[in-house]
Amino acid sequence: INAEYMGIIRRGDKILEHALPPAQEYWNALKAKAEETDSIIQTIFVAGDDYNAYEEFEEVVREECEGESAIVCGWQQPRLVHYMDQRFKGFVRNEWLDGKMSYKKKYELTLIYFTQLTILRAAIAVIGSYGNNSFRLLKLLRDAGFDTIIPADELEWNMQQFSIV
């Protein structure tokens, strides 16, 4: 990505544990950060393991940038970038652990995961849910201030107890 960009991280096996914020909530958080910093959203990196989540977010961005949020979009739809295969339908931990997934597939998924985390580390802001382990990990890995990690939901993370409140 050859420009400043914002990042979002969506889905994961947490979808089996609790409801995740809808795509609109990620857009609302991005838009609020852009308005707060008087920025135009030009590029958004969408990380995750479910291509459907990317498509849902893409639809929200398209609708929003044609409507009232056009000025935040710079009067054009932001460029959405991802590093996902269209076959990705979400990571399920048990599939990894039950021995049915091939070593090659595990290796591929691990490389994709760490590539996404590396890209998100450099984003000017990252939107996600504290219900997502990767989002919490990014809060610790990023060099940027904690104010650049923005929840798309009402969950909070107690770093001392490593629990979601």
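Which elements cover the buried residues of α2?

1. Basis of the note. This is a predicted model, in which local features need pLDDT of at least 70 and side-chain atom pairs count only at pLDDT 80 or more, while totals for chains, interfaces and linings use all residues. Residues are numbered from 1 along each chain as its sequence is written, and side-chain values use heavy atoms, with hydrogens and water left out.

2. Helix α2. The cover over the buried residues of α2 includes β1 (6-10), α1 (23-36), β2 (43-48) and β3. Helices (H or I, at least four residues) and strands (E, at least two) are DSSP runs, numbered from the N terminus. Buried in α2 are Y51, A53, Y54, F57, V60, V61, E64 and C65; buried means under 20% relative accessible area, exposed over 50%, and partly exposed in between (1.4 Å probe, protein chains only). The N-terminal end of α2 is capped by D50, with a side-chain oxygen 2.9 Å from the backbone nitrogen of N52.

3. Residue P78. The loop between α2 (51-66) and β3 (79-82) contains P78, which is buried at a relative accessible area of 4%. Beyond its neighbours within four places in sequence, P78 is in contact (heavy atoms within 4.5 Å) with residues including V61 and C65. Its C-alpha atom is separated by 4.5 Å from that of Q42, although P78 and Q42 are 36 residues apart along the chain.

4. Salt bridges. The structure holds 3 salt bridges, each defined as a side-chain nitrogen of Lys or Arg within 4 Å of a carboxyl oxygen of Asp or Glu. One of them joins E36 and K33, with the closest N and O atoms 3.4 Å apart. These two residues are separated by about one helical turn because they lie 3 residues apart in helix α1. E36 counts as exposed at 60% relative accessibility, whereas K33 counts as buried at 10%.

5. A link across the sequence. R121 and D143 also form a salt bridge, their closest N and O atoms being 3.6 Å apart. R121 lies in helix α4 and D143 in the loop between α5 and β5 (149-151), so the pair ties together parts that are 22 residues apart in sequence. D143 is exposed, at 71% relative accessible area.

6. Helix α5. At the start of α5, the backbone nitrogen of S134 has a side-chain oxygen of N132 within 2.8 Å.

How values were computed:
Polar contact = N/O pair within 3.5 Å; in protein donor to acceptor, adjacent residues only side chain to side chain.
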